Amino acid sequence: MTRRSNPFEEIERLLERMSNQFEDVDQIQSLESAWPGRLKVDLAEFDDAYEVTADLPGFESEDIDVELLDDQLHICAERKTETAEAEAGRYIRRERSERSVDRRVSLPEPVEAETVEASFKNGVLTVCLPKAEGSEESHTIEIE
């Protein structure tokens with residue numbers, strides 16, 4: 001008599017291998033960093049406010065847009081390619097180019113849109129969002 005194999009056995013082995021791969025935190029982080037345009041952020045909660053911190057190296061404050069719509073903070077940054085030629089010569093290698101990043105951060109509670117503050121120093125964007133009741137209006141945040 002011929003032994004019949006379990007048709008799901010191969011799928012179970014595949015799922016087990018995938019599960020083992022994702023147990024290693026370093027592998028997960030390398031997958032996230034390979035996602036182009038993905039802006040990594042920290043969201044901290046304090047008694048009276050939330051604070052969102054994002055690393056934006058190589059950007060100027062003029063390149064960054066921050067907008068709040070009810071319970072979502074939208075951060076978008078775009079750097080254009082410089083078109084000027086290298087002084088007294090030509091480029092041998094040119095790796096710096098246009099770059100854009102974009103991220104929407106969902107906030108756990110409504111915040112007071114009128115008192116949100118943002119600052120940008122040494123390539124780090126910090127947005128302080130005081131807790132409050134929700135609002136349906138979109139609000140643009142100026143960066144100091």
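How many helices and strands does the secondary structure of the protein chain come to?

## Overall layout

The protein chain comes to two helices and eight strands, where helices (H or I, at least four residues) and strands (E, at least two) are DSSP runs, numbered from the N terminus. From that end on, the order reads α-α-β-β-β-β-β-β-β-β. This is a predicted model, in which local features need pLDDT of at least 70 and side-chain atom pairs count only at pLDDT 80 or more, while totals for chains, interfaces and linings use all residues. Residues are numbered from 1 along each chain as its sequence is written, and side-chain values use heavy atoms, with hydrogens and water left out.

Of the 144 residues in the protein chain, 22% are buried; that label means under 20% relative accessible area, with exposed over 50% and partly exposed in between (1.4 Å probe, protein chains only). Taking contact as heavy atoms within 4.5 Å, residues 24 or more positions apart make up 56% of the contacts with a separation of 6 or more.

## The nonpolar core

A nonpolar core here is a set of buried Ala, Val, Leu, Ile, Met, Phe, Trp, Tyr and Cys residues joined through side-chain atoms within 4.5 Å. The largest one has 26 residues, and Leu56, Ile64, Leu68, Leu73, Leu125, Val127 and Leu129 touch the most other members. At least two core residues come from each of β2 (49–55), β3 (64–69), β4 (72–79), β5 (99–106), β6 (117–121) and β7 (124–130).

Leu125 shows who meets whom: leaving aside neighbours within four places in sequence, its contacts include Val52, Ile64, Ile75, Phe120 and Ile143.

## Arg79, buried without a salt bridge

Arg79 sits in strand β4. Arg79 is buried yet has no salt bridge, meaning a side-chain nitrogen of Lys or Arg within 4 Å of a carboxyl oxygen of Asp or Glu. The nearest side chain of opposite charge, Asp63, is 6.5 Å away.

What Arg79 does have is a side-chain polar atom 3.2 Å from the backbone oxygen of Gly58. Beyond four places in sequence, Arg79 is in contact with Pro57, Gly58, Phe59, Ser97, Glu98 and Arg99.

## Ser106 in β5

Over in strand β5 we find Ser106. Ser106 counts as partly exposed because its relative accessibility is 46%. The side chains of Ser106 and Gln72 are joined by a polar contact of 3.5 Å.

Past its neighbours within four places in sequence, Ser106 is in contact with Leu43, Asp71 and Gln72. His74 lies 32 residues from Ser106 along the chain, with 8.8 Å between their C-alpha atoms.

Conventions
Lys and Arg count as positive and Asp and Glu as negative; His and the chain ends are not counted. A polar contact is a pair of N or O atoms within 3.5 Å; within protein, one must be able to donate a hydrogen and the other to accept it, and residues adjacent in sequence count only if both atoms are side-chain atoms.
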